[in-house]
Amino acid sequence: MRWLLPLARGVAQGRVRCGRGCCGPGMFYAVRRGRRTGVFLSWNECKAQVDRFPAARFKKFATEDAAWAFVRTSVSPEGSEGQKNTPEQESQAKASKRLREPAEEDEESTEPSAKLGRQSSEPAPLLSKDTFSYMGDSVIVYTDGCCSSNGRRRPRAGIGVYWGPGHPLNVGVRLPGRQTNQRAEIHAACKALEQAKAQNISKLVLYTDSMFTINGITSWVGGWKKNGWRTSAGKDVINKEDFVELDRLAQGMDIQWMHVPGHSGFVGNEEADRLAREGARQSEV
């Protein structure tokens, strides 16, 4: 029974707690995504795991059970929640603001440098090539579009572009103009090409879950042009202006258009979808 003495002493000093709220007012800090995931007994321990970590997720709880429940939910399909960030990701996050301790049971806290929302009106500066992911010598990017109430009253559409964890070019914005899912998909790809050209990137692997966008730009645009932007049935192409813009941006670029099944656990696609939904919640431009 000697082992009970240090345990009892730890409880008395507040270093060991039962997690049911009966052993004092101490809090539990849950880290869902950070250098290490798990539940920590102090804010300093928690902060060490999430400070300057891209897209960190953490929250404060009164009970250990609730903290562990938070840790175990919404873990990425690739299990990347506990992976250590790369030097490139560290450098991207160095401009983040000082972290503050989250309020108890408050909305999930996020590392400030990873909160990517509205577009800046100023063009992004040229980034190091090391900040991008590659397939061969082509840069990889994921795009997605979404539209709530698509085809019904008060639709809200957003576009998302995902270059990698914590990447400064990641963006989620509201789609301007007509709010439809197909337009959102096309303009998400347009945004990625705009960003790529601004970074002097000419070779791109673009992943999208929209076969409509892929077929449109790779197979249908040529025929539409020859037919005066009419379909084979003689009807006007509904998304003419959108594909004209996408075709213009694609000129001079070597693009591999890759289809990825939506909502199938592919992290890049899931992140692009998250950014698109974030954009759809913004006020219309």
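Helices (H or I, at least four residues) and strands (E, at least two) are taken as DSSP runs and numbered from the N terminus. The model is a predicted one, in which local features need pLDDT of at least 70 and side-chain atom pairs count only at pLDDT 80 or more, while totals for chains, interfaces and linings use all residues. Residues are numbered from 1 along each chain as its sequence is written, and side-chain values use heavy atoms, with hydrogens and water left out.

Arg174 belongs to strand S8, which spans residues 171-174. With a relative accessible area of 5%, Arg174 is buried (under 20% relative accessible area, with exposed over 50% and partly exposed in between; 1.4 Å probe, protein chains only). A polar atom of the Arg174 side chain lies 2.7 Å from the backbone oxygen of Gln282.

Ser210 is located in the loop between strand S9 (203-208) and helix H6. Ser210 is likewise buried, at a relative accessible area of 7%. Its side chain is joined to that of Thr213 by a polar contact of 2.9 Å. A polar contact is a pair of N or O atoms within 3.5 Å; within protein, one must be able to donate a hydrogen and the other to accept it, and residues adjacent in sequence count only if both atoms are side-chain atoms. When neighbours within four places in sequence are left aside, Ser210 is in contact (heavy atoms within 4.5 Å) with Glu185 and His259. The C-alpha atoms of Ser210 and Asn181 are 9.8 Å apart, at a sequence separation of 29 residues.

Helix H6 (residues 211-226) packs against helix H7 (residues 240-250) at an angle of about 95°, and the two axes are 10 Å apart. Helix H6 is therefore roughly perpendicular to H7. Axes are lines fitted to C-alpha atoms, for helices over the stretch in contact, and angles run from 0 to 180 degrees between N-to-C directions; those of 65 to 115 degrees count as roughly perpendicular, under 35 as roughly parallel, over 145 as roughly antiparallel and the rest as oblique. On the H6 side the contact is made by Phe212, Thr213, Gly216, Ile217, Val221, Trp224 and Lys225, and on the H7 side by Phe243, Leu246 and Asp247.

The count of disulfides (pairs of cysteine sulfur atoms within 2.5 Å) is 0. The closest cysteine sulfur to that of Cys146 is in Cys147, at 7.2 Å, which is too far for a bond. Cys146 is buried, with a relative accessible area of 11%, and Cys190 is also buried, at 2%.
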